[in-house]
Amino acid sequence: MAEAPKFLRPVTAPAADVGLAVTFERPLTLDCGRNLFPVTVAYKTYGVLNADKSNAILICHALTGDQFVASDHPVTGKPGWWTIMVGPGKPIDTDRFFVICSNVIGGCMGSTGPAENDPETGKPYGLAFPLVTIRDMVRAQAMLVEHLGISQLLAVVGGSMGGMQALQWAASYPERVRAVMPIACAARHSAQNIAFHEVGRQAIMADPDWKNGEYQQQGTTPSKGLAVARMAAHITYVSEEALQRKFGRSLQNREALSFQFAPDFQIESYLHYQGLSFVDRFDANSYLYITRAMDYFDLAADYDGHLASAFGADAPRFCIISFTSDWLFPTAENKRVAHALNAVAANVSFVEIKTDKGHDAFLLDEPEMFGTVRGFLNAVADS
Amino acid sequence: MSALRPDLAAIAAMIRPGTRILDVGCGDGALLEHLVRTKGVDGRGIELSQQNVNACVTRGLSVMQGDADTDLNEYPSGAFDAVILSNTIQATEKPRVVLDHLLRIGRRTAVSLPNFGYWKVRAALAATGRMPRTKNLDYSWFDTPNIHLCTLSDFLDLTQICGAKVVEAHALNERGETRRISPNAISKERWGGPNLTAPGAIFLLKKA
């Protein structure tokens, strides 16, 4: 049944469309072996599904994203995270395509996650929530797509963790998707990426307000830990060159060094702002769970270590995009996926966009990326 | 779809319908699109320029942004019925390695290249004492992408080194039009032979 989604944080933008949520009657069997029940998936759609249901594009959000791709966020009131890419006349054109985006399970924007009540105890799950994987997230999305009566998606598109989900779609449900567009991602999380995530998780767990994950019951919020996690992660989203260009050694609201630990440098206050604004909209336990899901992602591992075996002769069409200055998911990792697809004679295009904006480039104004996305999706739709 | 350049049309004529094709250095995808539309081939491309790759993707083609010098080793042996290398071999860093890969990946390999033995090139060098600039090769020596220029005879030598057999050879004229020639006509340097009269040529090769 479709219902209004329940958010962890209060809605501050009453004019914003909160989207929908669907609670499934059957449990979701997870990779960890446990059943998740009930399962709610919160989602938002844009555009109109055509009569033969052939114009649906699923967008998968990244670690800290949500279903509000192209419309105002009901909690923060800020514009959707990919308004530059999705909307009427945009590269993912909602005048032509029906766009679906759902909050991942484990998330905190209305889909079942650690902040929800555990039906067995009547209290928030906290750490009793089962570990979910990228494949589990995709299973929940597949249930939603089925619920919407769509037997085949035109495309699955996503950046970063969204790209991992797009790859998983191609491996798990090749017959249910015509084209897949993973952007700035990889078929596995690297040691360096896991390391950065662990720093973030330890920052959260070291916050005395985290209370072993039971902060909701105890009336605290591990804001400091979550903010530090976000700050550390944010550094990985930008390139050294872009940081230098944007901030250099510029001082923040002062003429000279203060000889204290207050933020002297602009980069420091920028990171503080990134951390603080994040805790207003995100749940610390969700952050633990979703980063873990990314760490566990290794598509080849499910196929005896052979990435090529993840994709068969029925693989959908692929267009893979990487960015030259992305050191979190570098071109080499993206290309690895493309080569594995070549090995099984799949239809794969690969584009490397030249930019100094780092991993976050997929969220930013990159005209060449827009050209690739628009051209690829239109070509798929016209074929 | 605009008319195909005559040299590309000559390559297209060598491709059998419904086959699997890899076009290395496929540019904006004009030849590949032509082959997909008119011959129903299962086509793939490799292209260095990002703008060109975008043009290909928009045409609905499957093209990898990449470099013939570094990326061909990722392709399995015998993966394609034919591999095309059009006007690109002279711009590769290691032409022999590239040609070895092409012969390994494709059962047939079509290569087109400019001829540095063309009489106008020879005449320009002889008359001016400077590196020639021609219609096909209009670059200064210090900023040309064409770092491994050769004559048609030189290229035939390379095919032998790589253990390839010439299945077909076509000489190009100034307008890009082609005429079929015997490979022997090239290897025997003589007055009026293709190595002197043709600004370029197309070869269809296979592993001997």
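Domain bounds, as used here, come from an automatic or database domain assignment. On that basis chain A is divided into domain 1 (2-188 + 304-382) and domain 2 (193-291), and the C-alpha centres of domain 1 of chain A and domain 2 of chain A lie 25 Å apart. This is a predicted model, in which local features need pLDDT of at least 70, side-chain atom pairs count only at pLDDT 80 or more, and totals for chains, interfaces and linings use all residues. Residues are numbered from 1 along each chain as its sequence is written, while chains are lettered from A and ligands numbered from 1 in the order in which they are written.

Two residues are in contact if their C-beta atoms, placed from the backbone, lie within 7 Å. Between the two domains of chain A, the contact takes 28 residues from domain 1 and 22 residues from domain 2. The side of domain 1 of chain A that touches domain 2 of chain A has 14 nonpolar, nine polar and five charged residues. In this classification Ala, Val, Leu, Ile, Met, Phe, Trp, Tyr, Cys and Pro are nonpolar, Asp, Glu, Lys and Arg are charged, and the others, Gly among them, are polar.

Chain A as a whole comes next. Its C-alpha trace spans about 65 × 50 × 45 Å along the principal axes. Chain A holds ten helices and 13 strands, where helices (H or I, at least four residues) and strands (E, at least two) are DSSP runs, numbered from the N terminus. Of the contacts in chain A with a separation of 6 or more, 70% are between residues 24 or more positions apart. Buried residues make up 49% of the 383 residues in chain A. A residue is buried if 20 or more other C-beta atoms lie within 10 Å of its own, exposed if 12 or fewer, and partly exposed in between, with C-beta atoms placed from the backbone.

Helix 8 (residues 284-296) of chain A is mostly covered, with ten of its 13 residues buried; among them are Y287(A), L288(A) and M294(A). The buried residues of helix 8 of chain A pack against helix 1 (134-147), helix 2, helix 3 (191-206) and helix 5 (223-237) of chain A.

Q168(A) lies in helix 2 (residues 161-172) of chain A. Q168(A) counts as buried because 28 other C-beta atoms lie within 10 Å. Leaving aside neighbours within four places in sequence, Q168(A) is in contact with I134(A), R135(A), V138(A) and L299(A).

In chain B, 15 residues are in contact with 21 residues of chain A. Helix 3 of chain B gives the most to the side of chain B that touches chain A, with five residues. That side of chain B has seven nonpolar, six polar and two charged residues.

Elsewhere in chain B, strand 6 (residues 164-172) and strand 7 (residues 178-181) run antiparallel and are joined by four bridges; two strands pair if DSSP finds at least two bridges between them. H170(B) stands opposite R180(B) in strand 7 of chain B.
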